[in-house]
Amino acid sequence: CGLLVAALPANAEEPALAAGLVDQVRTLALDKAGAPAAARVEVVVGQLDPRLLLAPCERIEPYLPANVRLWGKSRIGLRCTQGRTAWNVYLPIVVKVWGRALVVPGGAAAGSVLVEGDLEEAEVDLAEEFTAVFFDRKLVVGRTVAQALRPGQAVRQAHIKSRQWFAAGDAVKVVA
């Protein structure tokens, strides 16, 4: 990631980011998001906390903090590498990863069983929640909804009850 020569105002009411620095943050997030090849990635760069009073800096370096996953609400680090006072702050970002997945256009009540007619494929934000979405209808049809789904909401693993292969008290034979 290249470095950008920029300056944040020393006593500004609201720390503003130079346009080039915003572009660098967006490029870093796009490069490190790890989105599927067919997905469209959108990065929304937030604002620094207006209460920050950062010292002037000639060189600000954006970086990816350790253990940060760039999906959904996240953050990018900014550090002053050339200035009177070294500083480090985190800039909030939102990474949206748009891709095709199964949705329930009419919504579904908790406890209902999904049928083929309940499902459609649509473009959704895959990064909106942490659990994986379903792409294959065979994995969803006949499954019970664990929590109510809003109309148009993507069907995710957390929304579907686990398959129950046998009932409590059934005799089970295990062959190894």
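Contact here means heavy atoms within 4.5 Å. The model is predicted: local features need pLDDT of at least 70, side-chain atom pairs count only at pLDDT 80 or more, and totals for chains, interfaces and linings use all residues. Residues are numbered from 1 along each chain as its sequence is written, and side-chain values use heavy atoms, with hydrogens and water left out.

**Valine 97 and the cores**

Valine 97 lies in strand β5, residues 88–104; strands (E, at least two residues) and helices (H or I, at least four) are DSSP runs numbered from the N terminus. Its relative accessibility is 0%, so valine 97 counts as buried (buried is under 20% relative accessible area, exposed over 50%, partly exposed in between, with a 1.4 Å probe and protein chains only). Beyond four places in sequence, valine 97 is in contact with residues including Ala35, Pro36, Trp71, Val124 and Leu126. The C-alpha atoms of valine 97 and glutamate 128 are separated by 8.2 Å, although the two are 31 residues apart along the chain.

A nonpolar core is a set of buried Ala, Val, Leu, Ile, Met, Phe, Trp, Tyr and Cys residues joined through side-chain atoms within 4.5 Å. The largest one has 34 residues, of which Leu17, Leu78, Trp87 and Val95 touch the most other members. Two or more residues each come from α1 (19–32), β2 (40–45), β3 (57–63), β4 (72–83) and β5. Strand β5 gives the largest share, seven residues. Another core, of 11 residues, lies apart from it and includes Leu102 and Val145.

**Salt bridges**

The whole structure holds seven salt bridges, each a side-chain nitrogen of Lys or Arg within 4 Å of a carboxyl oxygen of Asp or Glu. The table gives three of these pairs.

| Pair | N to O distance |
|---|---|
| Arginine 26 and aspartate 23 | 3.9 Å |
| Glutamate 123 and arginine 40 | 3.0 Å |
| Glutamate 121 and arginine 100 | 3.3 Å |

Arginine 26 and aspartate 23 both lie in helix α1, three residues apart, about one turn of the helix. Arginine 26 is partly exposed at 30% relative accessibility, as is aspartate 23 at 44%.

**Glutamine 153**

Glutamine 153 is found in strand β7, residues 153–154. With a relative accessible area of 7%, glutamine 153 is buried. Its side chain reaches the backbone nitrogen of arginine 150 at 2.9 Å. Leaving out residues up to four places away in sequence, glutamine 153 touches Leu102, Val103, Val104, Glu129, Ala148 and His159.

Note on methods. Polar contact = N/O pair within 3.5 Å; in protein donor to acceptor, adjacent residues only side chain to side chain.
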